[in-house]
Amino acid sequence: MQLIECPWCGPREEVEFHYGGQAGVAYPDEPAALSDEDWARYVFFRANPKGSFRERWSHNAGCRRWFTAVRDTATYRFAR
Amino acid sequence: MRLPTGGRIDRSVTLHFTFDGVGYTGHPGDTLASALLANGVHRTGTSVNLGRPRGIVAAWSDDPAGLVQVEEPFPEPMLLATTIELTDGLVARGIPGRGRLADVPDTARYDRRHAHCDVLVVGAGPAGLDAAREAADRGLRVVLVDDRSEPGGSRPTGDETLVPGILHLQRTTAFGLYDDGFVLALERRNGTPHQSRQRVHRIRAKHVVVATGAHERPIVFEDNDRPGIMLAGAAREMLHRYGVLAGQRIVVFTSDDAAYEAAADLAAAGAAVTLLDARETAPAIPGVEVRAGTMVVGSEGVERVTHAVLSDGERLPCDLLLVSGGWNPTAHLFSHGRGDLRYDDALGAFVPGEPLDGVTVVGAAVGPPAPNRLVLWRTPGDPAKQFVDIARDATVADIARSVGAGMRSVEHIKRYTTIGTAHDQGKTSGVVATGVAAELLGVPVASLGTTTFRPPYTPVAFAALAGRDRGTLFDPERTTALHPWHVGAGAVFEDVGQWKRPRYYPRTGESMDASVLRECAAVRTSVGILDGSTLGKIDVQGPDADVLLDRLYTNMISNLAVGRARYGVMCGADGMVIDDGTVLRIADDRFLVVTTTGGAAKILDWMEEWHQTEWPDLRVHLASVTEQWAVFPVVGPRSRDVVGAVFPDLDVSAEAFPFMAWRDTVLDGVPVRVARISFSGELAFEVNVSSWYADVVWRRLLAAGAPFGITPYGTETMHVLRAEKGYPIIGQDTDGTVTPHDLGLAWAVSKKKVDFVGKRSFARPSNLDPLRKQLVGLLPVDATTKLPEGSQIVEGAVLPPPPVPMLGHVTSSYHSAELGRPFALALMKAGRARIGDVVHVPVDGTLVPVEVAGSVLVDPEGTRRDG
């Protein structure tokens, strides 16, 4: 059971957290202006690298705040 | 034989126990194994596959053979005699490698504790005690756990200097090391009846010190599995810890200096000891006959060993044959932490390799020094009778077979032979198996490596892992404020998420179908009342509350007037429906969002996610108020009479209180909110009140409704009534691939709003496909068949050869009191274009003709909602 550092609460057990996938995928400013393909890219496509990855996490069972963290997907280690 | 002095037992107290039906005595401080050996009993049972007699081999949890079934005080299978602390009245018996689970409920409690520390030391032998003391002296917070009954490691004296000011737990086995210094440890409390029997300590340590010592390993020879053949260190431990001499005529076979200490101690205790050393030169020790260059190649005896057969052919009489092939570091926890083990040629053992962050290995667990060890895995003999894993009846011949079948990895050999997969996880056999395999393959041991140690280090009962999370505490049960009333009214409950909801209220002898038909009829003809308190409720406040809701709902919320309510649908970005419900505007900057019962937590999370991650600039706050409000829909043509009678200050006339409006009123000083929302198509008033007053308000509604035969109804009737009106249940009539348009809810999708979550997806080509599945009604032509939910829909009355084209499936199906017939809702390809067609549904092997209908089957004109 890993410890995850919540920026608000400090280190807590991973079961308190909810994973939110890739970080930095912004909701498009004008969805209506996008092609079907570009919209599908926003809705369905996410990076899946081996190694360092910026992710969204929510401290769901704690302060309920979302935050961004960098984690290595091969070692599970969070960057400090 | 029990010696008159020595050992850590209390001879002043006699304990009585029974093994295999025979009564024996022992003393506090004994294990079942030491007490049996004190009484001259070596044989404990028979082996799992071959039925060969087996006895005690080791002195602790590394024993591969001494399995017993405990009958009293509580039935437990597959325990090691060596790890059972003797208690008065213990009843146990030997088993043929398999035990029997208890057929009576376990009344003992099991618990869980949490500990956080700077340093966790595992093992309270000399190295562990030193490490704990040093850490405590530095002012660190220390936890020390040890699996034995007292500290001191393999040679406790009772004079160990303990470390003050730390959490020190004996009888506590650290059985798994996980990420970030997380260690699980099982404490056997053996305490008074009010105590839990065992508890799992969840320890989070900044640093873990592994001081777990070493395990002795045997040398394999023919017939090496007979009772009376033990590890040398085990016999020595029986002597020093329990004052037990396990034999009087002892043969010790070794290739290592370490066994000499055992031989000397046993000789000093009065045994006749002959030591056979496989090495060509052997040291001399007083009181022991030492023969160098001699090996044991076999044994004789049936129920107990009688002779050692030597490499020179001599048959040496003995009643105890001790073996020592060297010592393996107990590096299991290091391996759990993904530490690599490295083969040390001189030691003939796998030792901790590259250091791990946060884990230090100390003492014999690093690899005990053995300067003169001859690494010997087995002696010459019949491979089919040379047992490598005694617990699994697995021999050198089995390893040869796996190698012959082409296996080259120890992981494959392990799985093929099952070596190392028994209760002991190969503590004595694992390394020997690697050594024998390397020999057979003609490769260095280092190139084969060892199998990975995985938790748990020793067997852990599921009851201990479950702790108190069993029975009603397995998953939290949520009940509404009215739960006691429902129980008293004889409700049959169903689980909705964690909620207990009344499903129906049967009268004496009444079936569910009959109850539901009665409840439905009461609602449609007079008045019924439902406990709807489980509906999710979210208080949305702030100047931008309407902006957030406009972006998340498919329909317009910002133009909703204070005092009014609106039905709304939420979709994911993919345009698929995720929840529906009503929104009440409480003030310009305040809304009450009502979600489905099952979607409450999900939708609050959903709203928080968008607010926090996409639109943090919006000034809005969200809070769940599900549990604060009790909600009672009063439903049916007479509901106005009932609500008007209970709340005299409220004008319930259709003119003053229109559909989809809400009004606040007061009842005896208690604020009450009433909303004209209907989930049945009937005239309905939803009464909202603080949960503290739920019971009294409910009873007043019942009293006022008595003249009209007010009928409490459950979720089943609620489902039938809503299905008759074609109102979907999200998650039952939808599955994450259904749009609002598919459900016939296009009217709830705003065309005015520039954007909302999901809108762009409605224009994707697949969303415009005319063959999308749509929600329709299905009416079985025979007017009697109730279609099973989940049934497929096919076209014709005769099935074509497979694959049969599927038109869709039945999502909801009920008997309707109002229609006097069964009906169903279904998702069907191009369903709305096919209204009036007859298609077919296979039921129990026959194709039942069904007519496709609109989804609104009762009161399609909506004439009833105003009463």
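**Exercise 1.** How many bridges join strand 39 of chain B to strand 40 of chain B, and in which relative direction do the two strands run?

*Solution.* The model is a predicted one. Begin with the two strands themselves: strand 39 covers residues 670-675 and strand 40 covers residues 684-690 of chain B, and four bridges join them in an antiparallel arrangement.

**Exercise 2.** Find out which parts of chain B are tied together by the salt bridge between Asp866(B) and Arg676(B), and decide whether each residue is buried or exposed or partly exposed.

*Solution.* First, check the distance: the closest N and O atoms of Asp866(B) and Arg676(B) are 2.6 Å apart, and a salt bridge requires them to be within 4 Å. Second, locate the partners: Asp866(B) lies in the segment after strand 47, whereas Arg676(B) lies in the loop between strand 39 and strand 40 of chain B, so the pair ties together parts that are 190 residues apart in sequence. Third, compare the accessibilities with the cut-off, since buried means under 20% relative accessible area. Arg676(B), with 0%, is therefore buried, while Asp866(B), at 30% relative accessibility, counts as partly exposed.

**Exercise 3.** Explain why helix 13 of chain B can be called largely enclosed.

*Solution.* Count the buried residues of helix 13 (545-552) of chain B: six of the eight are buried, so the helix is largely enclosed by the rest of the structure. Among them are Leu548(B), Leu549(B) and Leu552(B).

Key
Residues are numbered from 1 along each chain as its sequence is written. Chains are lettered from A and ligands numbered from 1 in the order in which they are written. This is a predicted model: local features need pLDDT of at least 70, side-chain atom pairs count only at pLDDT 80 or more; totals for chains, interfaces and linings use all residues. Side-chain values use heavy atoms; hydrogens and water are left out. Two strands pair if DSSP finds at least two bridges between them. Buried means under 20% relative accessible area, exposed over 50%, partly exposed in between (1.4 Å probe, protein chains only). A salt bridge is a side-chain nitrogen of Lys or Arg within 4 Å of a carboxyl oxygen of Asp or Glu.
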